[in-house]
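User: I'm new to this one. Can you walk me through it?

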Amino acid sequence: MMTYLVTGGAGFIGGHVARALLARGERVVAIDNFNDYYDPAIKRHNAARLREYDKFHMIEGDIRDVALVDRLFAKRGITHVAHLAAMAGVRESVRQPRLYLDVNLTGALNLLEAGRAADIKQFVLASTSSVYGRTKILPFVETDSADRPLAAYPASKRAAELLAHTYHNLFGMQVTALRFFNVYGPAGRPDMMPWRLLEATQSGERIKLFNGGDIHRDWTYIADTVTGVLAALDRPLGFEIINLGCGAPISLKDFVELIEKFTGKTIDKVSVATPASDPPITYCDNRKARELLGFAPAISVEDGLRRTWDWFRDYRGL
Ligand SMILES: NC(=O)c1ccc[n+]([C@@H]2O[C@H](COP(=O)([O-])OP(=O)(O)OC[C@H]3O[C@@H](n4cnc5c(N)ncnc54)[C@H](O)[C@@H]3O)[C@@H](O)[C@H]2O)c1
């Protein structure tokens with residue numbers, strides 16, 4: 001009997017991954033501490049939707065709690081882990097490096113330790129395109145050493161990848177680290193650009209654009225990301241680090257224009273300098289994901305933004 005643990009299961013990607021697993025009939029346990037990095041009501045809403053499934057169990061708890069994590073693996077018979085819980089904001093990590101390292105590195109350690117004791121079949125670790133920093137190698141490719149992180153967040157994620165390798169080496173744990181690229185879509189994160197821009201079309205709030213919007217991001221629609229995560233859970237590969245992104249970066253300026261087009265509103269924008277924590281571009285070479293996971297991102301940024309806007313309208317009752 002297989003049981004999937006989705007950490008951060010009340011969050012954006014975790015909520016979608018948990019639902020996709022439940023929809024195909026799996027048993028899913030989620031753990032989340034419902035912290036207030038962004039409005040926890042959104043996480044409560046995500047968790048409530050998951051509770052509609054019989055095979056779902058939600059644990060409100062912290063991955064830094066070693067006893068809780070150990071008990072959870074022993075009691076629930078966990079066989080597969082999608083480790084998505086994290087503190088995920090780049091700029092907030094500049095202000096709170098200790099918290100980021102505690103949750104993202106020590107938290108990962110707790111899950112790897114418990115996973116080893118439980119002899120799990122597959123461990124999928126959420127990593128990030130931001131480990132590539134300001135690399136000159138474009139598109140971003142896994143063979144890049146990715147050893148110049150720009151902030152504590154990517155440093156903590158890169159460190160977790162390295163630690164995960166240790167568990168593969170010493171104990172033969174099957175680990176796939178997925179480097180997500182700028183994931184967006186329905187029930188997305190309110191601290192990220194897509195949601196903030198959609199909000200701004202309603203509130204009129206002024207939005208700061210780094211370098212006048214002349215930065216590029218490789219936006220990846222949530223459904224494509226979820227398909228990749230499930231493929232990684234289904235295919236133990238030894239130890240692999242795999243980019244999971246659309247592979248079609250667009251400028252922030254064009255991204256904003258798309259949102260203005262769909263919403264019929266003009267956003268009040270102001271240019272600010274790009275902070276030292278943020279790269280000028282994210283750009284995914286996804287050939288490895290295509291080869292090893294059968295990954296084939298299907299939703300263009302135009303399509304994805306239109307779907308996100310449809311969801312937002314419904315969510316806000318517009
Ligand atoms: N969204 C993106 O574009 C993106 C890009 C790259 C990587 N990632 C990674 O993907 C994963 C999911 O990101 P997301 O966008 O869904 O973010 P999210 O913040 O919506 O989800 C993370 C969840 O983890 C939970 N969490 C945080 N600390 C915890 C703790 N100590 N104990 C238990 N739960 C805790 C949060 O409450 C939240 O619900 C993260 O690991 C993130 O770093 C996301």
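User: Is Gln174 buried, exposed or partly exposed?

Analyst: Gln174 counts as partly exposed, because it has 19 C-beta neighbours inside 10 Å. The rule is that a residue is buried if 20 or more other C-beta atoms, placed from the backbone, lie within 10 Å of its own, exposed if 12 or fewer, and partly exposed in between. This is a predicted model, where local features need pLDDT of at least 70 and side-chain atom pairs count only at pLDDT 80 or more, while totals for chains, interfaces and linings use all residues. Residues are numbered from 1 along each chain as its sequence is written.

User: Where is Gln174 found?

Analyst: Gln174 is in the loop between α6 (152-171) and β6. Helices (H or I, at least four residues) and strands (E, at least two) are DSSP runs, numbered from the N terminus.

User: And what is Gln174 in contact with, beyond its neighbours within four places in sequence?

Analyst: Lys121, Gln122, Phe123, Pro236 and Gly238. Contact means that C-beta atoms, placed from the backbone, lie within 7 Å. Gln122 is 52 residues from Gln174 along the chain, yet their C-alpha atoms are separated by 5.1 Å.

User: What is the strand order in the open sheet?

Analyst: The seven strands run β3-β2-β1-β4-β5-β6-β11, with parallel pairing. Two strands pair if DSSP finds at least two bridges between them. β3 (56-60) and β11 (239-244) are at the edges with a single partner strand each, so one side of each has no neighbour in the sheet. From one strand to the next, the twist averages 15°. Axes here are lines fitted to C-alpha atoms, for helices over the stretch in contact, and angles run from 0 to 180 degrees between N-to-C directions.

User: How many bridges join β6 and β11?

Analyst: Six, in the parallel sense, with β6 covering residues 175-180. Ala177 stands opposite Ile241 in β11.

User: Which helix packs on the sheet there?

Analyst: Helix α8 (residues 222-234) does, touching β1 (3-7), β4 (80-83), β5 (122-128), β6 and β11. The direction of α8 makes about 170° with that of β6.

User: Are the faces of β4 covered or open?

Analyst: Both are covered: His80 and Ala82 are buried on one side, Val81 and His83 on the other. In a regular strand the side chains alternate between the two faces of the sheet. β4 pairs with β1 over four parallel bridges, and with β5 over four as well. His83 stands opposite Leu125 in β5, and Thr7 stands opposite His83.

User: Switching topic. How many residues surround the ligand?

Analyst: 28, and the closest are Gly8, Gly11, Phe12, Ala86 and Phe180. A residue is near a molecule if its C-beta atom, placed from the backbone, lies within 6 Å of it. The largest share of this shell, three residues, comes from α1.

User: Which residues of α7 are buried?

Analyst: In α7 (residues 193-203) they are Met193, Pro194, Leu197, Leu198, Ala200 and Thr201. They lie on the same side of α7, because they cover an arc of only 155° around the axis. The arc is that of the directions from the helix axis to the C-beta atoms. These buried residues pack against β7 (183-184), β8 (207-210), α9 (252-263) and α11 (301-316).

User: What comes just after α7?

Analyst: Gly204, which takes a positive phi of about 80°.

Notes
Two residues are in contact if their C-beta atoms, placed from the backbone, lie within 7 Å.
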